[in-house]
Structures are given as C-alpha cells and as structure tokens.
Amino acid sequence: MTKKPTKKPILNGGAPKNFIVLVVILVAAIAGMTLLTDYARQTQSLKYSKFLNLVEKDQIKSVFVSGQDLFGELKDGVTRFETTIPQSDSRLWPMLEKHSIEYGFTNPSSQFSWWHLILLLGLILTPLTLWYMFKQSRGSGGGGGGNIFNMGKSRAKMFMPSTIKDNFNSVAGAVEAKEELKDFIDFLKSPEKYKRLGAKITRGVLLVGEPGNGKTLLARAVAGEAQCPFFSISGSDFIEVFVGVGASRVRDLFAQARKHAPSIVFIDEIDAVGRHRGSGLGGGNDEREQTLNQLLTELDGFETTHESIIVMAATNRPDVLDKALYRPGRFDRRVEVPYPDLKSREAILKVHSRSVSISKDVDLGKIARGTPGFTGADLANLINEAAISASKKNQKDVTLEDFEGARDKVTVGKELKTVMLTEEDRKISAYHEAGHALMHLMNPKDLDPLHKVSIIPRGRALGVTHTLPEREKYNKTQNEMVATIESLLGGRAAEELVFESVTTGAYSDFKHATEVARQMVCYYGMTQSLGKVVYLPTDRGDSYSPRTAEKIDKEIKAILDKCYSKTQKVLNDNRDKLDLLAEKLLEKETLYSAEIYELLNIEPRQDFKFN
Ligand code: ADP
Ligand code: ZN
C-alpha cells in the first residue's frame with residue numbers, strides 16, 4: 001500500500017488480560033533462572049576427598065574460601081569447582097602452601113559470587129526486556145500508545161468513513177472485480193432491505209491476486225463507496241508466540257466491527273492464519289489453529305446474529321487455505337484481482353498521474369504497452385520514480401526520459417521479486433492460449449461459449465481461456481467430452497506447431513484432459529474393448545485386474561492420441577487464424593469473445609467454417 005488514510009487505533013473495550021501477562025512474565029523469569037542455575041552448574045561440585053586428590057596431583061590453580069565453602073579453579077583454566085571444608089582440617093593450609101596454590105578468604109556474609117550477580121541482573125532484566133518487547137510490538141501494529149496489557153486486543157486499524165479517501169474512481173481497470181463487489185456495497189448501504197426479505201447474503205469475500213494488484217485498495221474502495229467503517233488487519237498480526245492471543249485478537253476485532261456495523265473487516269494475507277490445519281511441522285500450530293477456529297466461529301456467528309458486516313480477505317495462495325474457509329456462509333465468494341491488462345495499465349497510469357505534471361511528449365498508452373507484467377503498485381511506483389527524477393533535475397514536467405529511467409529502476413526491483421516475462425514467454429503464452437481458443441471455437445455446439453482469452457499471468461498459470469457455462473449440465477455427450485479434450489490439448493499443439501521446443505506450461509491441461517478421457521473409459525462405457533462396465537478405483541487399489549488396468553491405460557492413451565492428432569491438423573490447417581489471434585493477444589493481452597468473433601470474422605456461436 002502506498003496511500004493510507006490517517007489511521008486511528010481502535011479504542012479497546014473489555015477487561016485487560018493482565019493475568020496472561022503475569023503468567024508470561026513468571027514463565028520467562030523461571031526459564032531465565034533455570035538457565036542461569038544451569039550455567040552455575042558448570043561449576044562442579046566435588047567431594048572433599050576428591051578435592052584433596054586434585055591438590056596432590058597439582059591440578060589446582062587457585063582457591064577461595066568463604067566460611068566452610070571453598071571455590072576453586074583448575075589449571076586447565078576452564079573448570080571451576082566448589083566443595084565444603086569439614087569443621088577443622090589442619091592439613092589444608094600447609095597443603096595449599098606446598099603445592100603453591102593461590103588462596104584467599106572472604107567473610108561469609110559478604111559472599112557475592114559472579115553468578116549471583118548475573119542471576120540478580122537476569123531477574124530484573126527479563127521482565128523489563130519483555131515489557132519493552134510488548135511495547136514495541138504494540139506500537140508498530142496499533143499505531144497508538146503501546147501497552148503490555150493489550151496483548152489480546154486486536155491490532156486492527158480502524159478507518160472511519162470520513163477518513164477513507166478511496167472509492168471506485170480510485171481503482172482503475174479491475175472492471176470485473178468492481179462489478180462483483182457492487183452487491184456488497186448495496187448490502188452495506190441498506191442492510192434493512194435484505195433483512196426484511198430474509199435473504200441469506202454472502203458475508204465473506206476472498207480477493208485473490210498477486211501482491212500489488214489492488215486487493216487492499218479495492219476493499220477500502222468498497223468501504224468508501226458504502227461510507228462505512230473499515231477495519232484492516234494482516235493475517236500475520238494474529239500470529240503470536242503465545243497460545244490464545246491470536247484467537248482473542250480475532251474476537252476483539254469482530255466485537256469492534258459489530259459495534260460499528262455496518263462495517264467491513266479486511267484481513268490481508270489470510271494465508272498466514274488460514275493455511276489448512278495440520279500442515280507444517282511440529283509444534284507452534286496450536287496457536288494458528290486456535291486463531292483460525294475463532295475466525296470460523298465469528299463467520300458462522302453472522303448466520304444467526306444478522307449483523308451487517310462484510311469480511312473481505314486477501315491472498316495470493318488460495319490453494320493453501322483450509323477448505324473449511326470456503327464452506328457456505330464463510331468465504332464463499334471469490335473475486336479475482338489479476339495483473340492489469342494493457343487497457344487497465346493505461347488507466348492506472350492515468351489515475352496516478354493526476355497530480356503530476358507530465359510533459360506532452362509522454363504517451364501513457366505507450367508506457368502501458370511497455371510495462372507488461374507490472375502490477376498496479378509497480379505502475380504507481382513508476383510514476384513516482386519518474387516524478388522524483390524530474391524534480392531532481394529541476395524540470396517543469398516529467399518527460400519520456402524520466403519514464404524510461406524509472407521503468408528500468410522498477411523493472412530491476414521487480415526482477416528480484418518475481419519472474420519477469422520475457423518477450424519470448426509472452427509469445428509462447430499467446431500461441432498457447434490462441435490454440436485453446438481456436439479448438440474451442442471449432443466445437444461451438446459442444447462447449448460452453450467462449451468468454452475471454454488472456455495472456456495476463458494468473459497465479460502460476462501464464463494465461464487463461466475462460467468459458468461461461470450456459471446451463472448446468474447433468475449429462476455430457478461423448479462429443480462434448482471429446483471437444484473438451486481437444487480444446488485442452490490445443491495449447492500444447494499450437495506451441496509445437498509454431499516453436500521448435502515445447503514448454504512445461506501444458507501440465508495441468510494434460511492432467512485435466514487425461515481425467516476426462518479416464519471418465520470416458522472407466523465410467524461411461526465409451527470404448528469398445530472395455531464395454532459398458534464401470535471400473536472404480538477403491539481405497540485399497542483397483543477393483544479390477546492388472547490386465548484390465550493395462551487395457552484402461554491403453555484406451556485412455558488412444559483417446560488422447562486421436563484427439564491430439566486431430567487438434568494438430570485443425571491448427572495446422574488454420575494457421576492463419578492462429579497467427580492472427582496470437583498476434584492480437586500479444587497486442588491487447590485480453591480479448592473478449594466479441595472481439596475474437598470479429599477478428600476471425602465468424603458469427604457468434606455458429607459453426608465455424610474451418611479450412
Ligand atoms: P494488494 O493489496 O493487492 O497487495 P494494494 O491494494 O496494496 O495491493 O495496492 C498497492 C497500491 O498500488 C495501491 O495503493 C495503489 O496505489 C496501486 N494500485 C494497485 N492497483 C490499482 C488500481 N487498479 N488502480 C489504481 N491504483 C492501483
Ligand atoms: Zn493451457
């Protein structure tokens with residue numbers, strides 16, 4: 001985040017959890033003492049006879065006598081020892097003299113050995129250090145006066161509507177995300193409307209996208225649009241060393257949000273708490289699990305309490321989240337916040353250059369073209385760097401040269417953090433997606449209509465071809481299944497056709513295609529050789545013989561091979577269309593179905609006249 005409205009720490013309610021703090025200090029003090037005594041124990045305790053023995057062997061360097069206690073050091077310079085002198089041992093002094101061992105005395109009451117000093121210091125310093133640590137951590141999270149008694153309090157920042165400057169105008173591009181979030185704004189603005197009708201409405205929204213693409217900004221803009229308070233916290237703020245603290249922070253956060261309803265709770269980096277339970281090694285998970293459970297409890301609470309609170313959470317790792325978070329009534333709405341495409345990048349540049357005076361020779365559209373793979377944050381940063389460069393040189397406005405320099409600077413920073421797409425990567429990705437899309441258009445009757453094709457990277461995938469399901473399908477025809485496989489194989493087939501070597505980018509396509517083929521063979525009796533038999537895998541291995549397994553594998557491969565040959569032929573015969581589509585994708589990055597129909601000059605949803 002670069003821009004933040006002035007923040008206001010939450011004024012916490014509820015009884016302070018002094019006892020937790022006390023327990024913590026006690027535990028720490030005991031731990032400290034144990035450690036110190038342990039240290040002290042490195043001083044060996046010797047029997048008097050053994051001591052005399054050592055004296056005889058000339059191994060002792062010096063001794064120090066305090067009453068009946070004798071402390072000493074061996075000649076090795078490391079080992080210390082202590083022993084107790086019997087009531088009267090007249091042999092001792094002459095012996096020490098004889099072996100020229102240094103000796104000294106001290107009055108027992110003033111005895112004050114070095115470890116006693118450390119012990120005392122430790123006893124004073126441990127609680128002090130702890131106190132200081134808590135103060136520090138409170139200070140950085142809450143932005144307000146730190147306090148050791150606030151450990152269980154939420155560290156959320158609360159923004160009142162008057163301090164929220166962002167609204168949907170501040171968010172450039174992200175058209176689909178904004179569209180999907182509109183419902184929530186309406187709900188927050190007039191919750192009674194929904195309550196009256198008894199409508200069940202989604203409370204949890206998961207914003208999915210790489211860092212810097214505007215998840216936080218979108219959430220804040222929703223609050224700005226709805227004019228409601230905004231509570232913001234990061235998942236990592238819940239994670240504490242002390243079990244129970246995270247959970248109580250969650251409870252506190254939601255209590256605050258309820259008090260100010262209608263309101264929005266925004267949890268950044270939810271993966272910090274929301275990783276699926278039981279993952280990770282060894283201890284330290286209890287805390288996170290308790291925190292996650294508390295979060296789930298709070299979300300479930302809305303079902304009965306009907307508060308007008310929307311919980312938005314952000315992540316770039318939806319795959320690692322605990323499935324429990326996705327259950328109905330929890331985070332059951334998912335909004336993608338992708339890398340901005342060409343148009344959006346230009347729009348973002350425009351938004352961020354509103355307060356910067358930019359020279360006439362600068363074409364923001366061109367700069368957008370030259371910054372594929374930049375996030376919204378990168379673009380904001382780009383404008384900022386360019387402005388800094390112009391100010392340094394005392395220019396009256398920001399020139400193209402400033403932008404060039406700034407772009408290099410931002411790119412270098414990015415390369416350290418992310419994998420940058422090279423021009424070659426983009427080209428491969430464009431052909432791959434064009435291949436999917438063409439094969440899709442080839443079978444219009446059998447598949448859901450094409451929605452959009454994009455080479456904007458999304459998570460681990462470099463590109464994506466979306467379809468829009470027209471109707472819920474309960475029965476699939478064999479043709480539909482074959483068409484699905486063909487369009488899945490289109491990506492790799494196009495790569496193979498155009499480039500000398502192929503990439504690993506088709507793995508999940510193949511996985512999916514293989515699964516469809518397996519279903520055709522094993523469940524739906526769509527092959528001759530295996531007949532109308534259902535072959536189900538069981539927990540304890542397959543229910544069919546190894547010979548049948550072999551046959552199944554052969555049939556699956558036969559289906560995939562046949563589909564792949566057909567796909568290769570279709571793409572080869574329609575190379576002109578493939579090139580056209582790929583080139584347009586490289587240029588615009590995202591193409592909607594209407595644009596594709598126009599480009600290829602075909603009627604929407606009509607049979608495609610292939611060569
Ligand atoms: P995320 O939460 O996804 O990591 P942020 O919301 O913190 O990303 O975005 C960081 C900054 O990048 C924003 O404060 C804003 O300045 C800029 N930004 C990102 N996306 C956009 C956008 N769509 N429009 C305008 N600015 C954006
Ligand atoms: Zn693919």
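In this predicted model, the side chains of Lys75 and Asp58 meet in a salt bridge, with 3.9 Å from N to O. The two residues are 17 residues apart and link distant parts of the chain. Lys75 is in the loop between strand 4 (69-74) and strand 5 (80-84), while Asp58 is in the loop between helix 2 (48-56) and strand 3 (60-66). Are these two residues buried, partly exposed or exposed? Lys75 has a relative accessibility of 49% and counts as partly exposed. Asp58 is also partly exposed, at 37%.

Side chains of opposite charge can pair when their charged atoms come close.

A second pair is Asp166 with Arg220, whose closest N and O atoms are 2.9 Å apart. Asp166 is buried, with a relative accessible area of 8%. Arg220 counts as buried too, at 4%.

Glu307 is in the loop between helix 11 (285-305) and strand 11 (309-315), Arg258 is in helix 9 (residues 245-259), and the two are 49 residues apart. Glu307 counts as buried at 17% relative accessibility, whereas Arg258, at 27%, counts as partly exposed. The two partners fall into separate classes because buried means under 20% relative accessible area.

Salt bridges can also be joined to one another. Which residues are linked in a network of salt bridges? They are Arg345, Glu423, Arg426 and Glu589. A search of the whole structure finds 24 salt bridges.

Now step back to the whole chain. The chain has 611 residues, of which 47% count as buried. There are 21 helices and 17 strands in it. Among contacts in the chain with a separation of 6 or more, 74% are between residues 24 or more positions apart. As for the surface, the chain exposes about 32,400 Å², and carbon and sulfur atoms supply 54% of that area.

How values were computed: Residues are numbered from 1 along each chain as its sequence is written. Chains are lettered from A and ligands numbered from 1 in the order in which they are written. This is a predicted model: local features need pLDDT of at least 70, side-chain atom pairs count only at pLDDT 80 or more; totals for chains, interfaces and linings use all residues. Side-chain values use heavy atoms; hydrogens and water are left out. Helices (H or I, at least four residues) and strands (E, at least two) are DSSP runs, numbered from the N terminus. Buried means under 20% relative accessible area, exposed over 50%, partly exposed in between (1.4 Å probe, protein chains only). Contact means heavy atoms within 4.5 Å. Accessible areas come from the Shrake-Rupley method with a 1.4 Å probe; for residues, only the protein chains shown count as cover. A salt bridge is a side-chain nitrogen of Lys or Arg within 4 Å of a carboxyl oxygen of Asp or Glu.
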